[in-house]
Amino acid sequence: MDFAESAEHRDLRAAVASIASGFGPRYYAQHAAGHTPCDELWTKLGEAGFIGVNIPAEYGGGGGGLTELALVCEELGAQGTPLLLLVVSAAISAEVITRFGTDEQRATWLPGLAAGTTKVVFAITEPDAGSNTHRLSTTATRDGDEWVLRGTKYYISGVDEADALLVVARTGPAPSAPPEGGRSETPLSLFIVPADSPGLERNVLPVDLLLPEKQFTLHFDDVRVGPEALVGREGEGFRQVFHGLNPERITGAAQCVGIARYVLAAAARYAGERQVWDAPIGTHQGVAHPLARAKIETELAALMIRRACWQHDHGEPAGESANMAKYAAAEAAIAAADAAMQTHGGNGFATEYGLVPYWASARLLRVAPVNREMILNYVAQHSLGLPRSY
């Protein structure tokens with residue numbers, strides 16, 4: 001077991017950090033406050049090959065795996081510039097198209113995804129389904145050679161930046177009754193739907209989060225797509241979705257670790273310089289210990305991320321590790337952001353110090369892309385063998 005990071009990975013971290021530090025936290029905070037995309041940073045990362053680091057080299061990507069993409073996500077967070085759409089477009093859409101897409105779909109979409117000139121966002125969540133994928137109501141029905149999509153999607157990130165959406169829809173009737181001792185699988189399929197398709201209506205979903213990326217409600221009103229839009233084979237959506245969800249959780253966890261690193265560095269700097277009486281406030285255990293605890297939690301989460309990445313990249317089951325990494329990293333990031341803000345006192349809320357956007361991002365990632373309660377359900381059932389609770 002080798003815990004040493006390779007020279008290639010150290011170089012990757014340094015290169016990403018070099019680009020991101022040229023933009024920095026003030027750049028990110030301004031875009032987060034205005035809900036405007038970080039296009040300049042995205043473009044620079046794409047030109048350097050880091051947006052598509054996990055995409056096969058034959059399509060212009062870096063030829064790496066989820067390990068490399070997670071390093072990119074973490075290092076961006078550590079420089080104060082976390083990019084949510086990297087988790088969506090690169091970790092979900094690119095992974096799913098690479099694994100399950102047709103040759104034509106790969107040739108059409110992967111080169112742009114690799115270069116960062118194309119974004120494909122993921123549309124799965126619905127108002128009445130929550131975490132229950134079996135209750136998805138958006139449908140895709142055949143009409144000759146075409147598919148017709150009808151339904152509503154909710155909390156879809158970055159639609160205004162996207163060239164296409166990877167849409168999850170029912171392509172058959174829901175099972176009338178589950179088999180004894182189990183649950184029937186709702187027939188789902190995935191479709192690549194151009195963002196400018198007729199009948200696709202998008203509305204900004206107002207949220208109070210400080211994020212560059214906007215959230216949207218989508219209405220599919222008889223949206224027609226050709227047979228080339230179907231990813232893989234009809235009815236294989238569950239398998240495809242869950243192949244994409246593990247990378248989403250892992251890269252989301254990596255982003256959390258990066259955020260934790262950034263706020264802890266800011267807090268340690270402040271605690272080492274700020275004097276109220278006759279010594280820096282960092283000499284007081286009441287200040288130092290919460291930061292030290294958060295540092296420990298962050299490093300432990302980072303180890304679980306490395307394990308989950310390794311399993312995914314080697315074709316091993318990664319569900320347990322991905323969920324544990326996501327849980328641990330979100331909790332660590334929240335603890336780190338909270339301790340950093342407490343260290344700063346009133347300055348923790350000041351625009352000048354810019355900590356609130358990172359607390360908001362960390363707090364969001366406790367809920368999305370899967371909330372901690374569903375992770376605990378997963379671990380209880382699959383890791384401990386306890387009866388299913390829902």
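Let's start inside helix H6, whose buried residues are Gln105, Arg106, Trp109, Leu110, Gly112, Leu113 and Ala114. Bear in mind that this is a predicted model.

**Helix H6**
- H6 runs over residues 103-115, which makes 13 residues, and spans 18 Å from its first C-alpha to its last, close to the expected 18 Å.
- Along the way there is a kink of about 35 degrees at Trp109, shortly before the proline Pro111.
- The cover over the buried residues of H6 includes two helices, H3 (39-47) and H5 (84-100), along with strands E1 (120-123), E4 (164-170) and E5 (188-194).
- Just after H6 comes Gly116, with a positive phi of about 80 degrees.

**Gln105, a residue of H6**
- Gln105 sits in helix H6 and counts as buried because its relative accessibility is 3%, below the 20% cut-off.
- Leaving aside residues up to four places away in sequence, Gln105 touches Ile97, Leu110, Ile192, Glu228, Ala229, Leu230, Val231 and Gly232.

**Helices H9 and H11**
- Helix H9 (residues 319-344) and helix H11 (residues 372-383) have axes that come within 10 Å and cross at roughly 145 degrees.
- The crossing of H9 past H11 is left-handed.
- On the H9 side, the contact uses Gly319, Glu320, Asn323, Met324, Lys326, Tyr327 and Glu331, while H11 brings Arg372, Ile375, Leu376, Tyr378, Val379 and Ser383.
- Sorted by class, this contact has six nonpolar, three polar and four charged residues.

Terms used: Residues numbered from 1 in each chain as written. Predicted model: local features only at pLDDT ≥ 70, side-chain atom pairs only at ≥ 80, totals over all residues. Heavy atoms only, no water. Helix = DSSP H or I, 4+ residues; strand = E, 2+ residues; numbered from the N terminus. Expected span 1.5 Å × (residues − 1). Bend = angle between axes of the 7 residues up to and from the residue. Buried < 20%, exposed > 50% of the residue type's maximum accessible area, 1.4 Å probe, protein only. Contact = heavy atoms within 4.5 Å. Axes fitted to C-alpha atoms, helices over the stretch in contact; angles between N-to-C directions. Left-handed = near helix turned anticlockwise from the far one by under 90°. Nonpolar A, V, L, I, M, F, W, Y, C, P; charged D, E, K, R; others polar.
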